[in-house]
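Please view the sequence and the structure before reading on.

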Amino acid sequence: MKQYFPENLPAAKSSAMPKSQRTTPVADIDFLSVAEKVSDAWMANPQITLIWKTSNVFQDEVKAYRDLLKDTRSSASQRPAQTNVLYTLDKDINIAVNEVKVYIRKKWKTAAEANYYRFGIVKESGNYRLPKDRDERRNALQLMIDAIKEDGFSTEEYGLAFWNAILANYTAALDVSNRTDGVVSSSSGAKNQMKSQVKKVLTALRLCLRANYPDTYRQIIRQWGWQKEDY
């Protein structure tokens, strides 16, 4: 029976999988740059063909991807300003809720906490406040208005005029933010779908070039717009 010693043990087989090669950039703007260069190169080299896609159709798809990317980035650029408006309103609301809690404690003394819920105030993370979720917070603002009127706090500093204005401003800001999120989501979905179509053509063209230029394909793919072999 053969004996194995440390110096003649058979080498263990590596379980590591070979790294797959990424032939297109991940970032949208870099992907678009490569796609546009490849599209122009394909239009200039009609001898390269795919039976399921023409250079003209591909050029239109690349343009569509560029437009969708522009729309997505434009819509997304509005988010920071809208988020800041909501953030400012949330700060004002949190300050006002603390003052309303003072009104409630003065009126109901030890039963104050039992009355918080009528004002839309709930316990979250150990604190009594309006719900953190913004859609729930908007609903709670109406409860606050109703309770402010019912319990005689209308003329206080944080009374009816304040909460009516807050509700109107919060509703408008939240609606704009939700519409923007919807536009961004829709535009991003369409953009990603078009990116997938463009990527499929890029992969096929790269393989086609490698097949047609077996000795010089590295140089050729760079001329077509791929600046790297692996992204």
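Is Lys 109 buried or exposed? Lys 109 has a relative accessible area of 56% and is therefore exposed; buried means under 20% relative accessible area, exposed over 50%, and partly exposed in between, with a 1.4 Å probe and protein chains only. The model is predicted, so local features need pLDDT of at least 70 and side-chain atom pairs count only at pLDDT 80 or more, while totals for chains, interfaces and linings use all residues. Residues are numbered from 1 along each chain as its sequence is written, and side-chain values use heavy atoms, with hydrogens and water left out.

**Two loop residues**

Lys 109 belongs to the loop between H3 and H4. Helices (H or I, at least four residues) and strands (E, at least two) are DSSP runs, numbered from the N terminus. Although Lys 109 is not a glycine, its phi is positive, at about 50°. Ser 125, in the loop between strand E1 (122-124) and strand E2 (127-129), also is a residue other than glycine with a positive phi, near 50°. Ser 125 counts as exposed because its relative accessibility is 70%.

**The nonpolar cores**

In soluble globular proteins, nonpolar side chains tend to be buried together. A nonpolar core is here a set of buried Ala, Val, Leu, Ile, Met, Phe, Trp, Tyr and Cys residues joined through side-chain atoms within 4.5 Å. The largest such core in this model has 28 residues, and those with the most contacts inside it are Val 100, Phe 119, Ile 121, Met 144 and Trp 163. At least two residues of this core come from each of helix H3 (79-108), helix H4 (112-116), helix H5 (134-150) and helix H6 (160-212). H3 gives the largest share, eight residues. A second, separate core has 25 residues, among them Phe 58, Val 201, Ala 204 and Leu 205.

Which residues does Trp 163 touch, not counting residues up to four places away in sequence? They are Ile 93, Ala 96, Val 97, Val 100, Leu 141, Met 144, Ile 145, Ile 148 and Tyr 158, where contact means heavy atoms within 4.5 Å.

Ala 35 is found in helix H1 (residues 28-44). Its relative accessible area is 0%, so Ala 35 is buried. Leaving aside neighbours within four places in sequence, Ala 35 is in contact with Phe 58, Val 62, Val 198 and Leu 202. Ser 39 also lies in helix H1 and counts as buried because its relative accessibility is 2%. With residues up to four places away in sequence not counted, Ser 39 touches Phe 58, Gln 59 and Val 62.

Ser 55 lies in helix H2. Its relative accessibility is 18%, so Ser 55 counts as buried. Beyond residues up to four places away in sequence, Ser 55 touches Trp 42 and Met 43.

**How the helices cross**

The table lists three helix pairs. Axes are lines fitted to C-alpha atoms, for helices over the stretch in contact, and angles run from 0 to 180 degrees between N-to-C directions.

| Helix pair | Axis distance | Angle |
|---|---|---|
| H2 and H6 | within 8 Å | roughly 155° |
| H6 and H7 | 9 Å | about 140° |
| H1 and H6 | 11 Å | about 50° |

The angle for H1 and H6 makes H1 oblique to H6. Angles under 35 degrees count as roughly parallel, over 145 as roughly antiparallel, 65 to 115 as roughly perpendicular and the rest as oblique. H6 and H7 are likewise oblique to each other, whereas H2 is roughly antiparallel to H6.

The crossing of H2 and H6 is left-handed, and H1 passes H6 in a left-handed crossing. The crossing of H6 and H7 is right-handed. A crossing is left-handed if the near helix is turned anticlockwise from the far one by less than a right angle, and right-handed if clockwise.

In the contact of H6 with H7, Leu 205, Arg 206, Leu 209 and Arg 210 in H6 meet Tyr 217, Ile 220, Ile 221 and Trp 224 in H7. By class, this contact has six nonpolar, no polar and two charged residues. Ala, Val, Leu, Ile, Met, Phe, Trp, Tyr, Cys and Pro count as nonpolar, Asp, Glu, Lys and Arg as charged, and the others, Gly among them, as polar.
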